[in-house]
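Subject: the model, plus what turned up in it

Hi,

Here is the structure we talked about. Have a look at it first, and then read my notes below.

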Amino acid sequence: MSMAGQHAADPLLIGTSDDAALTQRVLRPLWSPHPALGWLMIPAALGSLVFITALCYTFVTGIGVWGNNIPVGWAFAITNFVWWIGIGHAGTFISAILYLLQQEWRTSINRIAEAMTLFAVVNAGLFPIAHLGRPWFFYWLAPYPATMELWPQFRSSLTWDVAAISTYGTVSFLFWYLGLLPDLATARDTAPTRLRRRLYGLCALGWRGAASHWRSYRIAYLLLAGLATPLVVSVHSIVSLDFAVAKQPGWHSTIFPPYFVAGAIFSGFAMVLTLVIPLRALLRLQDVITMRHIDNMAKVLLATGSIVAYSYLLEPFTAWYSGDPYERYIQLVGRPAGPFAWVFWLTIVCNVLVPQVLWLRSLRRNLVALLIISLLVQLGMWSERFVIVVTSLQRGALPSSWSSYSPTLIDACLLFGSMSLFLFLFLVFVRFVPFIALSELKLLRRKEPVETQVSP
Amino acid sequence: MSAHLHDDHRSDGAPHRDALYWRTLADSFDVPSGTREFPPAADTPPNAWSRRQFIGLMSASMALAGLSGCRLTSDDHLVPYVTQPVDVIPGRPSHYATTVTMGGYGTGVVVTSHEGRPTKIDGNPEHPASLGACGVFEQALVLQLYDPDRAQAARLNGVSCLWHQEMQEVATHTGTRGDGLRVLMEPTASPTMARCCAEVKQRWPGSRIIIHDAAGIGAHGAAGQAWRALFGHDLVARYDFSRSLIVVAMDADPLASGPSHLAHARGFASLRRARSAGQPMNRLYVAESSPTCTGSIADHRLAVSDRDIVDLLLALLAELMAGQGVLCPDQRIAALVAGRTTSAHPSWIRAAAADLAANRGAGLILIGDRQPPLAHALGHALNAALGNVGATIAYGPSPLMAGDGDLASLMRELDRGQVDDLLILGGNPVLTALGDIQLGRRISQARNRWYLGLYEDETAQLCNGFIPQAHVLESWGDACACDGTRSIQQPLIDPLHGGIAACEVLAALVGPPRLARDLVRDTWRDAFQGAGSIADAGADAHLAEVLRRGVEVGRASSLVSTAADWSALARFEVPQRSRDGFELSLKLDAKVHDGRFANNPWLQELPDPVTKLTWDNAALISPAAARRLGVAQGALIEVRCDTGALTVPVIIQPGQAEWTISVSLGYGRRGAERTAADIGVDAYPLTSISRPWSAAVIAVTSRPASHRLAITQHHWSLEGRPILLEQTLAGINLPADAPLQPPPGPSLRPAPAHGPGPQWAMVIDTSVCIGCSACVVACQAENNIPVVGKENVLRSREMHWLRIDRYYRGNEDDPVALLQPMACQHCEKAPCEYVCPTYATTHSQDGLNEMTYNRCVGTRFCSNNCPYKVRRFNWYNFADGRDPLPLARNPEVTVRARGVMEKCTYCVQRIRTTEHRSLVDGVPLRTDAVVTACQQTCPTQAITFGDMTDPASAVAHLRAHPLAYAVLEDSGAQPRTRYLAHVRNPHPELT
Amino acid sequence: MVAIPSALAFAMRQPPVTEQGHIIDQPIAFDHRHHVRDLGIDCRYCHEGVDHSAYAGVPPTSRCMNCHNQVWTAAALLAPVRWSAETNTPVAWQRIHHLPDFVYFDHSVHISRGVGCSTCHGPVDTMARVYQVAPMTMGWCIDCHRDPAHALRPLDRITDMDWTPSAAEQERVGTDMVRRLGISPTLDCSGCHR
Amino acid sequence: MTSSLLVEFASEEQLLAAALHMRALGYGDLEAYSPFPVAGLDAALGAPRSRIPLAVLIGALTGLAASYAIEWGATLDYPLRVGGFPLYSLPAFIPIMFETTILAGALTAFCAVVVRSGLLQWWHPLDDIAGFERSVIDRFFLTVPCDDPDGHTGMRCRTDLAACHPVRVVPVGQP
């Protein structure tokens with residue numbers, strides 16, 4: 001998207017006279033944290049506790065405690081998994097792709113987005129393991145020299161998934177951590193107490209901003225960005241293959257990879273907005289995260305949302321055009337008029353209609369509206385995955401095995417519990433980690449025009 | 001079960017947790033040992049503990065080793081016999097031929113036993129009532145044997161007692177004539193029982209033997225009344241379906257119920273396999289109120305109320321006499337016909353009449369046991385007029401023992417206080433007695449009530465004396481089939497709970513207690529004419545032979561000539577013209593029969609052949625009635641009848657007669673059986689002496705509440721998909737005809753390469769599948785398939801590897817039913833295999849789609865990707881927690897733990913065992929040597945299994961047949977299991 | 001990241017884990033050295049099921065008494081046997097060779113194909129107390145199933161404890177057996193797991 | 001004996017200029033410290049071309065090869081028939097090969113940073129100099145190793161540096 005028009009309109013940085021002040025400003029939340037964070041942590045921690053309890057209960061009793069059945073072998077767990085991994089895509093997208101595209105406006109939000117990615121991947125990684133019938137054997141999906149002389153079956157997209165998710169998790173972490181090193185060093189050298197100095201110093205790995213450091217740093221960061229870019233695209237493509245390689249009507253579709261990637265970034269940006277808007281207000285970050293950031297993210301939301309809408313249009317069309325009776329039934333009857341039709345229509349409303357209002361500049365700049373929209377989009381993306389997973393399975397090839405599905409309390413606990421865990425981790429991050437890329441901001445200061453008044 | 005049994009024998013600290021199943025026998029010291037002919041029961045669940053350890057959560061730590069956790073099983077023992085029985089080879093199952101009885105009639109079975117543990121029941125090919133097939137009830141007996149709810153001890157007035165002393169006590173105080181002594185028993189065709197009863201009568205001339213049969217089959221039902229009136233004595237009709245080209249069944253289900261249904265089904269199928277236009281094929285007309293298995297494959301099914309059957313018969317007679325010039329056997333019938341003319345269903349009647357007239361001597365009119373005597377008489381009239389009697393129908397002497405009266409007579413005696421000692425031998429009459437007999441209330445009028453029963457059921461609760469009954473697999477006995485063929489019942493195992501056989505009780509009454517074995521032997525010796533030691537030797541040799549084969553082959557009783565005395569017609573009540581309004585039609589249940597199997601988890605979870613309902617009974621109403629009443633599936637309705645009211649959930653059943661509400665009996669049990677408790681509603685109170693099988697409905701009101709019915713199939717339409725192909729006899733035109741199904745399109749994947757050796761394949765002929773579900777139970781018994789309970793069935797988590805899909809075509813009020821047994825299709829290009837990340841499901845050299853439980857991590861992707869959705873998942877530890885009866889498990893099949901997928905394996909254990917035997921014995925493997933459980937038990941032999949690469953094999957032949965097709969061929973999976981299109985033989989004028 | 005799995009993979013192959021050589025006390029101090037080597041009793045006299053059943057079988061007490069009601073009738077060592085026979089109580093032997101319940105191993109087939117007792121059970125005739133010799137892992141089974149020739153011997157030497165041919169001899173005999181008996185051991189999962 | 005001077009600057013421009021100036025005067029082994037990467041500094045300090053890209057390429061290719069070897073080798077090790085697929089189903093191997101390529105590459109890149117820029121060195125002599133911590137906040141430093149025979153601590157360096165308007169000059173590495 002072209003920034004040309006925007007430069008005049010909105011600055012990316014407001015009213016920070018010099019580096020020292022900027023440093024002071026950005027690290028303030030670490031040294032004198034906002035009390036609200038602490039209060040927020042309590043419900044988040046409790047929710048995480050519920051999550052862990054539900055996980056343990058499932059682990060001990062068996063996944064019969066979920067609503068799954070035959071034919072609906074996958075339901076909430078896989079829906080949550082796809083949802084979380086999708087959300088996790090915005091981080092790397094922002095930090096890698098926008099970096100390569102030299103989009104300056106990524107600077108003050110990329111750290112938050114990357115952290116969000118990590119925590120989303122943590123959740124996403126838990127569900128596939130938890131959904132196994134015998135989770136304690138999860139490592140059978142990894143190649144190791146077993147005494148059984150057996151190896152994983154590499155034609156299964158689930159095996160690909162293991163590789164994709166673990167790679168994505170690792171690379172996202174490395175990317176995040178590498179970018180964090182200079183700021184950890186800054187934190188080390190500005191930390192008020194000796195203990196914190198020690199701790200941040202430890203994490204900073206002895207970074208002291210030497211030219212040699214910066215040299216390898218910049219090259220490596222560029223390379224990581226280059227590696228992460230195809231990774232972002234590949235991971236959700238592979239996730240989509242969990243469905244696309246199957247014969248199951250409603251899954252067996254070639255547009256899944258691009259469609260899933262678009263959806264992933266869509267939901268990811270929605271999550272970034274959901275996190276950034278309150279955070280910005282809470283910690284008074286209007287001068288670092290300006291309306292320009294908000295506006296740009298809103299535009300990405302609009303763009304990806306439109307791609308998603310197009311996919312929604314394309315899916316039933318291909319089904320109809322293919323003439324395949326099973327696909328046709330799912331797409332033209334099963335989903336719009338089947339047992340979970342309301343979820344289907346909810347998806348349409350949230351993912352197709354709602355984002356379109358972002359054509360209006362005024363709404364793109366209305367924080368409350370944006371917050372609501374981004375929440376609706378995430379709801380929509382979750383239900384989209386639910387529709388894909390459940391309604392397809394419910395209406396398979398043999399009508400004799402068509403069945404209903406109803407989630408259980410444990411299903412709900414796991415879904416909302418995982419959200420709490422996510423929130424908890426994020427709050428911890430905001431509390432203890434420099435959540436704005438300080439060194440990059442200092443660089444940015446020198447490129448961008450700096451205004452002095454803070455826009456509301 | 002397991003827990004319960006453990007409790008019994010905790011004290012001795014014996015090795016209950018051995019991993020080698022055959023060692024369970026060695027727990028002999030657990031059982032009070034006496035002079036046992038058979039090794040006593042193994043009282044521990046084989047493998048239960050060790051399996052839990054192997055496959056359970058603990059094994060996580062062991063997994064890397066790919067081995068069992070040896071450390072965990074350090075108390076793992078090998079316990080040999082002290083003295084090994086001669087006929088037992090540890091690790092090799094033994095097979096015993098014996099007899100099981102239903103409604104008194106015997107069915108020959110072969111029981112598989114693993115070191116004294118009966119695990120499976122199959123038919124005895126030499127027995128005329130079985131011919132190698134086996135019904136659901138017979139098979140489920142093996143589970144009943146180990147039922148933990150079975151009565152454990154004899155008691156008198158609440159305190160345990162020695163039953164034989166008490167019997168002698170009864171004998172002493174009964175006095176010389178025994179006027180106050182009544183024996184109430186189930187119908188029996190057992191020579192030994194007859195002998196014992198005779199001895200009782202001889203000792204106490206004043207005593208009376210009352211026979212009560214809830215099923216009302218044959219001599220004890222309406223048919224019996226009809227025959228007695230017409231012919232002057234008890235008869236039993238033998239139907240030869242293999243020679244009946246036109247079968248007209250009136251409110252009858254001859255193929256799936258009744259003592260000879262297995263033989264009927266076999267005979268019927270023999271004329272149903274037409275695979276080219278020329279071949280002879282029977283045509284089936286069925287008139288019934290509620291769909292049955294027989295009705296499901298009818299060429300022309302008529303949905304009429306039970307009360308209209310008589311009119312239908314009269315109309316048929318009228319049409320035959322008027323339209324086809326058939327001579328009426330008697331004026332009085334003609335008069336009757338003239339008196340009642342109905343214009344209903346003219347085309348059906350015309351077609352049936354034309355067919356019957358055209359096939360004189362090759363037709364068969366059957367009347368259901370629920371119909372009044374008049375209907376049976378008319379049926380006989382029709383058969384006689386058409387010359388079917390003697391051709392397709394033969395009358396033989398009834399092998400059932402004639403009693404001195406029925407419950408009604410007992411009721412009167414009870415009211416008059418003439419009964420001092422009432423000895424009830426099984427049958428749970430308090431539950432099954434007709435409603436207005438109110439036996440539950442009246443029984444207390446007998447001073448001394450003894451009950452011999454398997455369970456502490458409704459009857460036991462009202463009797464002050466109770467004796468645990470020996471299970472049919474636990475005791476000696478004998479029985480006759482419908483055709484009088486005698487067979488011996490031998491015990492497979494010592495009584496688990498010290499059960500007593502009925503004949504032993506009677507014997508103890510008249511003299512010193514004797515073992516059933518001796519009673520049976522004496523009976524047979526006497527029957528084997530001649531006395532003296534030599535003859536005895538001959539008798540014993542004969543007995544041994546019968547024992548080995550399980551049946552006295554070729555000794556059917558001779559036929560009796562029948563000359564009907566039509567004057568008897570006058571004695572039959574002629575039902576008045578049927579009124580409008582609903583009729584409540586009561587029927588025996590396809591799963592719990594008269595209620596005796598209500599505690600059998602296999603049967604409770606078996607989907608009803610028609611409604612696919614499990615763990616419940618319900619009111620079947622027609623879609624039209626549902627519209628009229630404005631009720632939906634599962635809604636509660638209150639049916640108020642002249643005999644009482646009933647509140648039942650509704651099932652909207654396509655093909656149900658519009659004005660008939662059908663409810664099956666045997667539910668709503670109030671006995672001590674835990675499994676049966678709180679399931680369904682008891683409809684017996686609505687029955688009455690005057691109308692044993694129906695009640696006039698006064699009003700039907702819909703209740704606001706509804707009930708969750710655990711139905712295993714929710715969608716009945718084929719949605720126009722290539723799932724089930726049909727063809728009419730006239731339509732098939734071989735060999736010119738091209739295959740019904742075009743060959744599959746091109747595939748990107750290479751053609752499947754077959755390894756050396758046989759390539760196993762299955763062909764299922766849908767033309768002869770009657771949906772009786774015997775195969776489903778056989779599969780469950782063979783493969784240790786757990787029972788999951790109603791809650792899980794409601795979540796559609798039933799575990800049956802083999803299910804029978806039921807679809808409907810045409811309008812919902814009078815639809816055509818389509819049946820399709822559906823199990824793993826063993827696809828050449830199995831979609832389940834390539835999505836499994838751990839090689840848990842793979843393809844074997846001989847073409848099996850293997851499921852390796854111990855390698856399964858439970859991603860369930862295979863099930864998601866299965867077009868046929870035949871895979872089943874262990875959502876919980878079903879096998880340990882809920883599978884009630886570990887002793888009934890087949891040791892040849894792994895008991896699946898929680899979290900693994902499972903499915904039909906083509907009975908791979910049978911394949912491998914056969915292969916091993918052929919290797920060891922050095923004989924080449926015959927392709928027909930492997931018989932799958934479902935195939936073995938199928939009454940109509942609809943299932944064929946074998947090596948498809950062997951041109952001589954039946955499978956290869958059938959796969960090549962133009963009628964053969966693959967379900968969902970367009971999925972490209974290339975299933976190994978093929979089906980033969982459903983061939984029908986409709987009357988040209990009715991199509 | 002690589003070290004831990006490989007360490008585990010190594011550990012799982014070690015005798016302590018596979019239970020090789022793990023000695024267990026038996027209720028009766030039965031000495032195979034005496035019965036097999038000294039007395040030369042054939043394996044099949046006691047383990048009678050081995051050539052026609054999946055289970056080799058443990059001898060019933062009556063089998064012991066066949067001889068021991070004649071010899072050593074008063075030996076204290078044999079008191080448990082006599083007690084078992086008198087009280088009709090089976091002897092609860094400790095299990096040495098564990099296979100998981102989902103593994104269906106058929107002795108008779110292996111015997112009939114020329115797999116000797118000692119091939120898997122080792123030199124039982126030299127064991128005071130029997131212990132597990134082979135690792136009994138799936139990999140160990142599979143190795144023979146992939147290349148049976150190195151594990152086969154003439155059918156008349158099945159129970160021969162001293163069958164130790166030279167490599168060449170084994171090669172010759174093995175390949176000959178494979179050819180003559182048309183031996184092709186299954187590698188299908190359902191061969192052992194069902 | 002060698003000693004060096006730590007020179008502090010207020011802006012990156014001064015640092016850059018100083019670096020260029022000193023190198024022009026023949027001073028080698030200059031090292032600069034800054035709170036953010038200063039464009040052109042590497043050139044000014046005469047840093048050699050980084051070999052990290054090559055390392056990453058090698059690492060990535062190794063990952064690719066390894067995963068291919070594992071997938072194909074494992075399939076051959078126990079050839080089981082699956083869904084009628086050919087044993088060598090390369091297309092199905094590609095996703096994992098791709099992922100491992102990325103993974104190995106990324107790991108190499110990170111390790112390369114740690115190794116090449118001598119991280120994991122939690123203490124450094126400069127850390128003892130008060131005010132040096134501002135190198136990660138807002139100040140720019142240059143270390144000039146000056147080696148003069150007369151023993152006087154970098155007299156000439158100081159004079160040379162005077163032209164670069166340093167905030168201050170601190171001697172380091174004194175015995």
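First a word on terms: a residue is called buried when its relative accessible area is under 20%, exposed when that is over 50%, and partly exposed in between, with a 1.4 Å probe and protein chains only. By that cut-off, 67% of the 991 residues of chain B count as buried.

Please keep in mind that this is a predicted model, where local features need pLDDT of at least 70 and side-chain atom pairs count only at pLDDT 80 or more, while totals for chains, interfaces and linings use all residues. Residues are numbered from 1 along each chain as its sequence is written, chains are lettered from A and ligands numbered from 1 in the order in which they are written, and side-chain values use heavy atoms, with hydrogens and water left out.

Chain B

Chain B has 29 helices and 39 strands. Both are DSSP runs numbered from the N terminus: helices are H or I with at least four residues, strands are E with at least two. Its radius of gyration is 28 Å, close to the 30 Å from the globule rule for 991 residues, so chain B is as compact as a globular protein of that length. That radius is taken over C-alpha atoms, and the rule is 2.2 Å times the number of residues to the power 0.38. The C-alpha atoms of chain B sit in a box of roughly 80 × 70 × 65 Å along the principal axes.

For contacts (heavy atoms within 4.5 Å), take the pairs in chain B at least 6 apart in sequence: 74% of them join residues at least 24 apart. On charge, chain B carries 90 positive and 100 negative side chains, with the centres of the two sets 3 Å apart. Here Lys and Arg are positive, Asp and Glu negative, and His and the chain ends are not counted; each charge is placed at NZ of Lys, CZ of Arg, CG of Asp or CD of Glu.

Two backbone spots in chain B are worth a click. Most residues other than glycine have a negative phi, and most peptide bonds are trans. B:Ser773 has a positive phi, near 75°, and lies in the loop between strand E29 (760–765) and helix H22 (774–782). B:Ser773 is buried at 2% relative accessibility. B:His826 also has a positive phi, about 50°; its loop runs between strand E31 (816–822) and helix H24 (831–834), and B:His826 is buried at 0%.

Chain A

How many helices and strands does chain A have? There are 17 helices and 0 strands. Chain A has a radius of gyration of 23 Å, which agrees with the value near 23 Å for a compact globule of 456 residues. The C-alpha trace spans about 70 × 55 × 40 Å along its principal axes, and 67% of the 456 residues are buried. The accessible surface of chain A is about 14500 Å², with 74% belonging to carbon and sulfur atoms. Its 31 positive and 20 negative charges have mean positions 7 Å apart.

There is a cis peptide bond between A:Ile70 and A:Pro71, with omega about 15°. A:Pro71 is in the loop between helix H3 (35–61) and helix H4 (76–87).

Chain D

Chain D reads β-α-β-α-α-α-β-α-β along the sequence. With a radius of gyration of 25 Å, well over the 16 Å from the globule rule for 175 residues, chain D is more spread out than a compact globule. Its C-alpha trace spans about 80 × 30 × 30 Å. The domain assignment (bounds from an automatic or database assignment) gives domain 1 (4–48 + 124–172) and domain 2 (52–117), and their C-alpha centres lie 45 Å apart. Of the 175 residues in chain D, 49% are buried.

Chain C

One residue to look at here is C:Cys117, in helix H8 (residues 117–121) and buried at 14% relative accessible area. Leaving out residues up to four places away in sequence, C:Cys117 touches C:Cys43, C:Gly122, C:Ile158, C:Thr159 and C:Met161. C:Met161 is 44 residues from C:Cys117 in sequence, and their C-alpha atoms are 7.6 Å apart.

Cheers

Methods:
Accessible areas come from the Shrake-Rupley method with a 1.4 Å probe; for residues, only the protein chains shown count as cover.
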